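Reader: I'd like to go through this model with you before I set anything up. Can you put it on screen?

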Amino acid sequence: MFKDSFKYYKSRNPPPDLKDVVDFSIPDLNKVRIITTQCVENQQGDKLGLKPIKEWRVYELIDVPGLIFIENPFTEIGQQYWILKCLKDYSKKPNKLNLDIHNVLNDNESWWDITFGNPEKGKNLLSKLRWTTLGYHHNWDTKKYSEDLKTQMPLEIVKLMDILADAIGFQGFKAEAAIINYYRMNSTLAGHTDHSEINIDAPLFSISFGQTAIFLIGGLTQEEPAVAMYLRSGDIVVMSEGSRLRYHGVPKILPTIIKPWETNNASESNTSISKNVDHWKKAKMYISEARINMNIRQVLKSGQMTLY
Ligand SMILES: O=C(O)CCC(=O)C(=O)O
């Protein structure tokens with residue numbers, strides 16, 4: 001059962017045995033199948049921090065048809081770019097934050113500015129950011145999207161998703177809603193399904209940055225068993241077709257040894273992305289004890305302009 005696996009991997013004492021966790025960095029071809037990308041290189045990819053598509057490694061989990069895994073397709077600078085976007089830009093208005101209901105920030109204050117710029121007020125704020133929503137804002141209570149709760153999706157996310165979707169054969173995918181999840185080392189995300197979107201035929205993209213997660217994917221009901229897999233910084237899970245409505249969750253965050261957001265001089269000079277060194281220093285400190293997940297969905301059916 002999903003709950004048993006969740007409890008098993010969440011446990012601190014005794015800690016779980018990780019031998020059955022699928023590790024796509026050493027792919028076991030009895031468990032995963034290699035997917036060939038549709039390798040139309042896109043000039044925009046470099047600006048969005050992506051490696052050339054011909055270098056990507058893409059797999060499908062044999063036991064979970066439609067569950068596609070793209071092993072970190074981002075450059076080092078690309079990881080820094082998206083980590084900073086999530087921390088500095090996507091945590092600002094007009095996006096919605098879990099902090100909104102606590103009234104800790106005034107209208108003219110942002111989480112980033114107060115956390116890193118106001119030692120007194122920002123003292124306890126760093127770990128309090130849990131989620132932000134973009135585009136069609138996910139309503140956690142009703143689980144229904146609404147035209148009244150919608151803001152512009154950031155253009156760079158729309159472009160990134162066009163490239164990712166095209167490369168793995170989901171031409172026409174439109175990024176219309178996103179949840180950015182912020183995890184501390186002791187955070188978990190309980191098992192759930194994502195079914196609020198009118199278009200459940202469109203895939204859901206889930207991009208991880210920072211510390212490593214153990215991700216569980218189960219069946220269509222809580223009663224079925226779950227498969228565990230590592231999600232490391234940069235890795236992308238695509239829940240498509242038969243996997244789109246399966247239960248999934250994150251029982252554990254593990255400290256990472258490999259830090260694909262760290263740059264060497266060669267990667268710094270070989271990019272069209274510029275960076276603010278001071279901002280990155282702060283983001284690097286944050287990500288050393290955190291994980292960020294960008295969860296991106298299409299809401300409407302193809303050709304549909306509004307919800308109703
Ligand atoms: O953090 C993750 O990897 C999963 C997030 C998720 O399932 C969600 O936002 O619905």
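Reader: Which residues does UniProt give for the feature "domain: Fe2OG dioxygenase"?

Author: This is a predicted model, to begin with. The UniProt record, an unreviewed entry, places that domain feature at residues 174–300.

Reader: How much of residues 174–300 is helix and how much is strand?

Author: The span is 13% helix and 39% strand.

Reader: Now the ligand. Which residues come nearest to it?

Author: There are 14 residues around the ligand, and those that come nearest are Asn181, Tyr183, His192, His248 and Arg291.

Reader: What are the distances from polar side-chain atoms to ligand oxygen atoms? Start with His192.

Author: For His192, a polar side-chain atom is 2.9 Å from an oxygen atom of the ligand. In the case of His248, an N or O atom of the side chain is 3.0 Å from a ligand oxygen atom. For Arg291, the distance between a side-chain N or O atom and an oxygen atom of the ligand is 2.8 Å.

Reader: How much of the ligand's accessible area does the protein cover?

Author: The ligand on its own has 300 Å² of accessible area, and the protein covers 97% of that.

Reader: And which pocket is the ligand in?

Author: The ligand takes up the space of the largest pocket.

Reader: Which elements give two or more residues to the shell around the ligand?

Author: Those are the strands β6 (177–184), β7 (189–192), β12 (248–254) and β13 (290–297). The largest share comes from β13, with four residues.

Reader: What is the make-up of that shell by class?

Author: The shell around the ligand holds six polar, five nonpolar and three charged residues.

Reader: Which residues does UniProt list under "binding site"?

Author: The unreviewed entry lists His192, Asp194 and His248 under that feature. They are spread over 57 residues of sequence but cluster in space, with a largest C-alpha distance of 9.0 Å. His192, Asp194 and His248 are part of the lining of the largest pocket.

Reader: Where is His192 in the secondary structure?

Author: His192 is in strand β7.

Reader: Where is Glu109?

Author: Glu109 is in the loop between β4 (96–97) and α4 (111–117).

Reader: What does the side chain of Glu109 make a polar contact with?

Author: One partner is the side chain of Lys121, at 2.6 Å. A polar atom of the Glu109 side chain also lies 2.8 Å from the backbone nitrogen of Asn106.

Notes
Residues numbered from 1 in each chain as written. Predicted model: local features only at pLDDT ≥ 70, side-chain atom pairs only at ≥ 80, totals over all residues. Heavy atoms only, no water. Near = heavy atom within 4 Å. Polar contact = N/O pair within 3.5 Å; in protein donor to acceptor, adjacent residues only side chain to side chain. Areas by Shrake-Rupley, 256 points an atom, 1.4 Å probe, with all protein chains shown as cover. 1 Å grid on protein atoms, 1.4 Å probe; cavity = no way out; pocket = protein on both sides within 12 Å on 5 of 7 lines; lining within 4 Å. Sits in = over half its atoms within 2 Å of the grid points. Nonpolar A, V, L, I, M, F, W, Y, C, P; charged D, E, K, R; others polar. UniProt positions renumbered as here; feature names shortened; annotations may be inferred.
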